[in-house]
Amino acid sequence: MSAGMRISSPTTATFAGYVAFFLPAGVLLSFLSLYLHGKGMSATEVGFIVSCLFSVKLVASPLIVFFADARDRHAGVSAVFLALSLLGAAGLGYLPSSTSLALATVALAVSRNYFQSTLENRALKLRSSGRSQYGALRLTGSLAVATGVAIAGAVQAWRPQAFPAVFAALLIASSLGFAAATRAMPLQASSGAAPSSTFEFRAVAGSRARAVILVLLAAALLVGAHGMLYSVGSIALERHGFGPAAIAAIWVGTFAAEAVGFGLLNRATRLLGPWIMALVATVAMLRWGSMAALSSPSWFASTFLLQAVTLAWCHGTLVKAISDLFPGRFAATGQALYLAGAHGIGMSLCTYFGARLFSLYADQAFVLPLVMTLGGVAAWYGSTAAIRKFEKANACALPTT
């Protein structure tokens, strides 16, 4: 095999991994609430189950990824979670009660979060001609999300009785496809040190620890604010008079806009520099404020397209910051901690409390993500000051290998 083939094969595998992983992601985010609501569950019950997708990331996933990093056991852990994800996918498609559906959601969420932590870690290190491929990879992932939503939306609109089977099939195909792609992905760069189970907590002291905490807080608030969209967005669209096909089209447009945002991420970062998060926060406040105040169905739906900035540029900036703060063997642990903050804390709380507020105040409940955005941008700029202080002090790398 030529050198070129040896390079392109892992790169292609990483792109394939993004397609496989994200194909059903939009279905979980945009149709799970509507699917559960159609089973007769209240908005509060729906909010609780959807929050399970995110809340398990707070503790379980970082500990599992840390164990796999420390013991160098990613192959064995991946096999366990492949099996667990298949069981969770089947259960989510066919189990009847809210309790059993919540358990299936937890099983699926823990598995998929482990997959995402390892995938993001590898993607952040993938470069071509000296340039990061992360934006292109996330663009590919978002297009896969839009494709999955289009498939699910078509089924929901024209063959609703087949939706549970298609839902489960998409999730199962995702797990199997991701497992196959993982075998050909490039391995995490290693310093050659022997695996160690000892995390050097002394290395996180001072300004680096403060930077990590503030970045995670910013992620919990800025990214977590989108949890309300995933919890009740489809229900809100339904209340505005949109049918299943229109709701699917709106979500496809949302994830297509997100793909465009990821595609422009590198250019936006170079152009805006440290001001990129100020723009993200401004657009986010416009988005959430409009959703709380607008009564026009068409204008309400149009705010979904702002996902290109409020999520894509925000997520890309935050994961890069975490990657810089967690080099070496524990890089995947850093991504798991990011997901714990953004999803395990932020999204889980916003999906649950947002759903409860929505049942009382309808669209006015979108004031909640607006308030979260204000706190998130303050935390972000606090973290940048801590990062500058850390770099000036030239502290030791966190964690060491």
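Asp 363 counts as buried because its relative accessibility is 15%, where buried means under 20% relative accessible area, exposed over 50% and partly exposed in between (1.4 Å probe, protein chains only). This is a predicted model, in which local features need pLDDT of at least 70, side-chain atom pairs count only at pLDDT 80 or more, and totals for chains, interfaces and linings use all residues. Residues are numbered from 1 along each chain as its sequence is written, and side-chain values use heavy atoms, with hydrogens and water left out.

Let's stay with Asp 363 for a moment. Asp 363 sits in the loop between helix H17 (331–361) and helix H18 (367–393); helices (H or I, at least four residues) and strands (E, at least two) are DSSP runs, numbered from the N terminus. Leaving aside residues up to four places away in sequence, Asp 363 touches Ala 236, His 240, Met 291, Ala 292, Leu 294, Phe 300 and Phe 358, a contact being heavy atoms within 4.5 Å. With His 240, the side chain of Asp 363 makes a polar contact of 2.6 Å. Such a contact is a pair of N or O atoms within 3.5 Å; within protein, one must be able to donate a hydrogen and the other to accept it, and residues adjacent in sequence count only if both atoms are side-chain atoms. The C-alpha atom of Asp 363 is also 9.6 Å from that of Ser 290, a residue 73 places away along the chain.

| Residue | Relative accessibility |
|---|---|
| Cys 314 | 0% |
| Cys 350 | 1% |
| Asp 363 | 15% |

As for disulfides (pairs of cysteine sulfur atoms within 2.5 Å), the count is 0.

Now for the chain as a whole. The protein chain has 18 helices and 2 strands, and 54% of its 401 residues count as buried. Among its contacts between residues at least 6 apart in sequence, 85% join residues at least 24 apart.

The largest nonpolar core has 115 residues, and Leu 32, Phe 167, Leu 237, Trp 251, Leu 318 and Tyr 338 touch the most other members. A nonpolar core is a set of buried Ala, Val, Leu, Ile, Met, Phe, Trp, Tyr and Cys residues joined through side-chain atoms within 4.5 Å. Not counting residues up to four places away in sequence, Tyr 338 has contacts that include Leu 216, Val 223, His 315 and Leu 318.
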